[in-house]
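Okay, thanks for coming, everyone. Let me put the model up and then talk through a few side chains.

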Amino acid sequence: MDAAPVTANEPLLDVQGLKKHFPIKSGFMQRVVGQVKAVDGVSLYVNAGETLGLVGESGCGKTTTARMILRAFQPTAGKILFRDRDLGLVNIPDLDRTQLTALRRNMQMIFQDPYASLNPRMNLLETIGEPFVIHKVGSRSEIKDRVAELLNLVGLRPEYMTRYPHAFSGGQRQRIGIARALALRPQLVVCDEPVSALDVSIQAQILNLLRDLQHRLKLTYVFVGHDLSVVEHISDRVAVMYVGKLVEMAGTRELFARPLHPYTDALLGAVPKPDPRRKRGNEVLEGEVADPANPPTGCAFHPRCRFAVEACRRETPQLRELRPGHFVACHRADELALAGVAPGDSAAEAAA
C-alpha cells in the first residue's frame, strides 16, 4: 500500500517548537537542580516523498529529535503534526496507547548499530515477521511469503529466513533491519545514522538501496547523520542543529553552495575533499560544543564564531527565512559571504 497523497503546501510531518529537557538530580533526596536542554525549540517540516537530513556534532540533539518524532521520548513541549493515512492529521505527543500502536504501522526506524538492533535468539522469519504478528496482519503462511518478498526487496535470499543474525555481515544485518522497518509499508522512516557503523564500500550500497526503496515504495525519510558527504548524497533538504537548536535549513545544493550560518560553513569545511591539492580558505573550528545544561547567553555558537559581535552575546537569534526555502538563525547572516563548497569539491559530485 502506498502512502496517502498529501496536498501541496501541507507537509507530511510538521514539527513546531519541539523541546526535550532532561532533569539534573542531585543529593540524597534527588532534587532537581537543573535541566539539560537536549532539544530547545526546534521547528522543521518534511514533505511527502523527500529526505530531510538532520546533521550536527555529537550531542547537538539530532537523535533526541528523531526519537521524539517517533514518540520514543515524550517531548517536554511542542507539537509533532503527522498526516497519518489511517488516523488523519494527529499531534503525536497527544496520542493515547491505542492510537500510538496504530501510528507505529506508518512510522518506523532504522537503527545505527546493525549488531545491537537485532535479537540474536530470533531468526530472520521471526525478526522481520514480528511487526505482522504485533499488528495481527496475515496468517502464518502469508507472513512467511511476505518475509520472503521483503528479503528479495533488500537484496537477500529468501532461504536465509531460517538463519540467525550471527551468520550475517554488518551490511547484511543492516539490510535485515531495513526489511523489518519496511514490513508494514510505513509512510515515514527515521534513519538514525544507518551507515556510520559500516565500511565505506558497504555504506554506498546501503545508501543506494535506501534511495531505490524510496522511489519504489514512495517513502519519506528523516536521515540523521554527522557525515555531510553521506547526507549530501541522499538528502533533498538539510537541517543543521547546534546545542539543541536549529541554526539553518535549506535545500541540499543551496546549503552546500551558499551556507548562511558560520557553523554550517565550518561543518562543510571539515568534509574531506576529493582532490587533496584543493585548499579552502576558512579557518578550522576551534573550541568545544557548548554545554546544553548551561548554554551561553545569546547565540550558543558565539564563543566559537569568528564573526561574533556584541548582539550575538546578548540576543538569541530567531530562525528566519532569508532566501526562499532557506532558513537561518544568525544575526549577521544577511551580511556574511561564506565559502560553502566549491564546484568539484562535493563528495557526491566526485562519486558521480
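I'll start with a histidine and then move on to the aromatic rings.

Quick housekeeping: this is a predicted model, where local features need pLDDT of at least 70, side-chain atom pairs count only at pLDDT 80 or more, and totals for chains, interfaces and linings use all residues. Numbering runs from 1 along each chain as its sequence is written, and side-chain values use heavy atoms, with hydrogens and water left out.

So, H21. You'll find H21 in strand β1, residues 13-26, strands being DSSP runs of E, at least two residues, and helices runs of H or I, at least four, numbered from the N terminus. Is H21 buried or exposed? Buried, at 18% relative accessibility; the cut-offs are under 20% for buried, over 50% for exposed, and partly exposed in between, with a 1.4 Å probe and protein chains only.

Now the rings. Searching the whole structure gives 5 aromatic pairs. For Phe, Tyr and Trp (its six-membered ring), centres must lie within 6.5 Å; planes under 30 degrees apart are stacked, over 60 edge-to-face, the rest tilted. One of the pairs is F22 with F73, edge-to-face because the planes sit at 85°, with centres 5.9 Å apart. F22 is in strand β1 and F73 in the loop between α1 and β4, so this pair ties together parts 51 residues apart in sequence.

Then there's Y242 with Y263, a tilted pair at 4.6 Å centre to centre and 55° between planes. Both tyrosines, Y242 and Y263, are buried, and ring pairs link Y242, Y263 and F301 into a cluster.
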